[in-house]
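Let's take a walk through this structure together. Have the sequence and the 3D view at hand, and follow along as we go.

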Amino acid sequence: MIKQRYTVKRGIIVNVVLMVLILMLAVISMNSGKMNLSPLEVLNVLLGNGTEKQNLIVFDFRMPRIVLSILVGMGMGAAGAVMQSLLRNDMASPGTLGISSGSGLFVLLFVVFIASTGKSSFIALPLLAFVGGLLAAGLIFLLSYRRGRDISPIGLILTGVALGSGYGALTTFLTLKLDDSQMSFMLHWLAGSLWGDNWSYISVLTPWVLILLGYIFYKSRMLNTLHLGNQTAEGLGLSVKRQFLGLSIAAVALSSGSVAVGGSFFFVGLIAPHMARKLVGPDHKLLIPAASLAGGLVVVLADTITRTVSLGGDVPTGIVITVISVPYFLYLLAKAK
């Protein structure tokens with residue numbers, strides 16, 4: 001039962017506010033950095049009247065990074081919301097289910113074997129990350145499956161943690177074969193570095209994220225029904241297994257594709273749905289866009305802080321996200337019944 005204080009009007013207002021906040025942060029981020037530009041100079045660039053140097057700063061350095069931040073945050077927020085709803089467990093996310101480790105392993109394989117092949121790598125990376133995440137998810141569900149019984153959410157998470165440890169050990173073994181530049185890339189990817197901030201990667205990621213987000217939003221009514229429990233959903237005439245499988249694949253694809261070119265931002269997939277649920281309630285027609293926008297807002301905020309505040313070195317965005325998100329997550333745990 002959706003609480004009365006969570007109305008459709010409130011949800012729409014919250015989503016609009018989140019969207020406006022993202023746009024405001026994007027404008028601030030575009031004006032911030034080591035090479036400062038005034039708001040007027042940025043406006044001139046956007047109107048086509050900027051100098052060559054100003055065009056380079058805005059269109060080649062800052063705008064791709066801002067767009068990537070928004071896409072990665074939206075993808076992770078929506079994926080986390082779907083997983084938490086399907087498993088009816090607030091601790092479920094691509095990270096806690098071990099999907100992150102599977103994607104990370106295949107990203108490592110990309111770095112070792114494909115990264116030097118040119119343009120084909122722009123498409124190969126998100127596809128490989130998706131394959132890795134999908135294989136990890138499939139193995140988790142297979143090991144957790146018991147004939148005649150519903151899959152236990154706690155069992156899924158424990159299985160994911162165990163398999164994630166195995167993937168992590170294999171990843172560590174493979175990193176011993178990397179050269180210095182490859183090792184540096186993997187360390188930054190694991191920390192969440194938003195490394196794929198050029199238009200070639202973004203041109204692949206944008207349709208990937210938008211199409212999957214559209215599919216998940218289209219299935220929001222199904223998510224509302226599935227969230228009531230499998231028996232209730234079947235009683236209402238829903239094909240539980242088919243819908244569960246389709247939404248699970250979409251969530252894995254969304255999270256794997258997002259982190260492939262953005263780095264390991266799986267904590268966003270855990271915290272953004274919690275933030276959205278506090279604001280708009282459990283109705284997925286409002287929750288999915290709110291979780292997406294909350295994820296985008298968190299990543300853009302963290303990246304803006306990374307580029308404008310001197311933190312004593314090149315600190316990856318993922319570390320800043322963890323620093324600003326952990327206090328809120330601890331607050332949620334303290335308030336949990």
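**Starting at Ser100**

Leaving aside its neighbours within four places in sequence, Ser100 is in contact with Pro94, Gly95 and Phe266, where contact means heavy atoms within 4.5 Å. Before going further, note that this is a predicted model, in which local features need pLDDT of at least 70 and side-chain atom pairs count only at pLDDT 80 or more, while totals for chains, interfaces and linings use all residues. Residues are numbered from 1 along each chain as its sequence is written, and side-chain values use heavy atoms, with hydrogens and water left out.

So where does Ser100 sit? Look in helix H4, residues 99–113; helices (H or I, at least four residues) and strands (E, at least two) are DSSP runs, numbered from the N terminus. Ser100 is buried, because its relative accessible area is 16%. Buried means under 20% relative accessible area, exposed means over 50%, and partly exposed is in between (1.4 Å probe, protein chains only).

Next, hop over to Thr175, in helix H6 (residues 153–175). Thr175 counts as buried because its relative accessibility is 14%. Setting aside residues within four places in sequence, Thr175 is in contact with Leu108 and Met183. From Thr175 to Pro64, 111 residues apart along the chain, the C-alpha separation is 29 Å.

Asn31 is another stop, this time in the loop between helix H1 (8–30) and helix H2 (39–46). With 14% relative accessibility, Asn31 counts as buried too. Not counting residues up to four places away in sequence, Asn31 touches Asn36, Leu37, Ser38, Pro39, Val42 and Arg62.

The axes of helix H3 (residues 52–87) and helix H13 (residues 284–308) come within 7 Å and cross at roughly 140 degrees. Axes here are lines fitted to C-alpha atoms, for helices over the stretch in contact, and angles run from 0 to 180 degrees between N-to-C directions. H3 and H13 are therefore oblique to each other: angles under 35 degrees count as roughly parallel, over 145 as roughly antiparallel, 65 to 115 as roughly perpendicular, and the rest as oblique. H3 passes H13 in a right-handed crossing. A crossing is left-handed if the near helix is turned anticlockwise from the far one by less than a right angle, and right-handed if clockwise. By class, the contact of H3 with H13 has ten nonpolar, eight polar and four charged residues. For these classes, Ala, Val, Leu, Ile, Met, Phe, Trp, Tyr, Cys and Pro count as nonpolar, Asp, Glu, Lys and Arg as charged, and the others, Gly among them, as polar.

What about H12 and H14, left-handed or right-handed? Their crossing is left-handed. The axes of helix H12 (residues 266–280) and helix H14 (residues 317–335) come within 10 Å and cross at roughly 50 degrees, so H12 and H14 are oblique to each other. The contact includes Phe267, Ile271 and Met275 of H12, along with Ile321, Tyr328 and Phe329 of H14. Sorted by class, the contact of H12 with H14 has ten nonpolar residues, two polar and one charged.

Now for the rings: the structure holds four aromatic pairs. Rings of Phe, Tyr and Trp (its six-membered ring) pair if their centres lie within 6.5 Å; planes under 30 degrees apart count as stacked, over 60 as edge-to-face and the rest as tilted. One of the pairs is Phe130 with Trp208, edge-to-face at 6.0 Å centre to centre and 75 degrees between the planes. This pair links distant parts of the chain, with Phe130 in helix H5 (residues 120–144) and Trp208 in helix H8 (residues 199–218), 78 residues apart. Both Phe130 and Trp208 are buried.

Phe185 and Trp195 also form an edge-to-face pair, at 4.9 Å centre to centre with 85 degrees between the planes. Here Phe185 belongs to helix H7 (residues 180–191) and Trp195 to the loop between H7 and H8. Ring pairs link Phe185, Trp195 and Tyr201 into a cluster.

Leu194 lies in the loop between H7 and H8. Its phi is positive, near 50 degrees, in a residue other than glycine, and Leu194 counts as buried at 1% relative accessibility. Arg88, in the loop between H3 and H4, has a positive phi of about 50 degrees although it is not a glycine. At 37% relative accessibility, Arg88 counts as partly exposed.
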